[in-house]
Amino acid sequence: MAEIRSNQKQNKPLREVSIEGCPEIGRGAHGIVYRLAPDMLVKVYNPGIPIESIRKERELARWAFVKGVPTAIPFDIVRVGEQYGTVFELLDAISSSDYIAESEDNLEDFISRSVELMKEVHSVEAEPGELPDMKQQTIGWLEKVRGLLPEGKFKKLQQIVNDVPDRHTILHADFHLRNIMIAKDGLMLIDMDTLCTGDPIFELSTVYVSYRQFPSIDPMAAAMLGIDVKTANHICDRTMELYLGESGTQRENTRVRPNHRLYGQAPRSSRYRDVHQ
């Protein structure tokens, strides 16, 4: 009986929401977040994303919240024109890019707090099989570009990935300022559809890609985050220093940089190019 009610609820017509005049405050891999009201946000998904994936992301957000990950939980799935959206409440929240733009001190405060947030996320462990495995995803991405690489380089990258320890640490896997909101009670993550598990080196590699590699290809990548290239590079460098500690930064960068080259040739870069185009 409960299952029938659940299906009936899912089949109800979705209410329509307009984002006309609403400011954009966040942008992730699969959609854009707008402010509908002072205490209400809507994430509008890219065209073609099925509603089943949206429901899955909502469940992931709920699961992460229960595990202790600071995140906002969507409470409603809506229609925004021809696209789907999810609505969630977030009181007194501003975007990270707006907060950074207010003062130079805010930039350093954001970096420090975002690293604390990252460590908080990485303190949570999932059970084996609960979430996708980032190492296996990366191996899959590497296979997709095998034909584009000299065999020697492919083998080297393959060995680098295989040598990363297997872990069940929770990773956000798209950790940049467009996916971090400054709320009254602290920083909160949004865009939870990339949630997975693995060694934190994978998280640091995606940070490197977002703040250094993509902006080095095209300054528009930094502009999409609401900052300039110099600020993006600084966020990357300070994040590595604060997360790893001064003594570990140089050593761990030798692990981050080979991994970031792989991400640059895998589907993540083509996803950026698609959005940019």
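Biologist: How do helix H4 (residues 104-122) and helix H9 (residues 229-244) pack in this model?

Modeller: H4 and H9 pack at an angle of about 50°, and their axes are 10 Å apart. An axis here is a line fitted to C-alpha atoms, for helices over the stretch in contact, and angles run from 0 to 180 degrees between N-to-C directions. Bear in mind that this is a predicted model, where local features need pLDDT of at least 70, side-chain atom pairs count only at pLDDT 80 or more, and totals for chains, interfaces and linings use all residues. Residues are numbered from 1 along each chain as its sequence is written, and side-chain values use heavy atoms, with hydrogens and water left out.

Biologist: Why are H4 and H9 called oblique?

Modeller: Angles under 35 degrees count as roughly parallel, over 145 as roughly antiparallel, 65 to 115 as roughly perpendicular, and the rest as oblique. The angle of H4 and H9 is about 50°, so these two helices are oblique to each other.

Biologist: Which residues of H4 meet H9?

Modeller: Among them are Leu107, Ile111 and Val115 in H4, which meet residues in H9 including Ile235 and Leu242. Contact means heavy atoms within 4.5 Å.

Biologist: Now for a glycine: is Gly31 buried or exposed, and how do you know?

Modeller: Buried means under 20% relative accessible area, exposed over 50%, and partly exposed in between (1.4 Å probe, protein chains only). Gly31 has a relative accessible area of 2%, so Gly31 is buried.

Biologist: Where does Gly31 lie, and what does Gly31 touch?

Modeller: Gly31 lies in strand S2 (residues 31-37). Not counting residues up to four places away in sequence, Gly31 touches Lys43, Val44, Tyr45 and Asn46. The C-alpha atoms of Gly31 and Gly85 are separated by 8.7 Å, though the two residues are 54 residues apart along the chain.

Key. Helix = DSSP H or I, 4+ residues; strand = E, 2+ residues; numbered from the N terminus.
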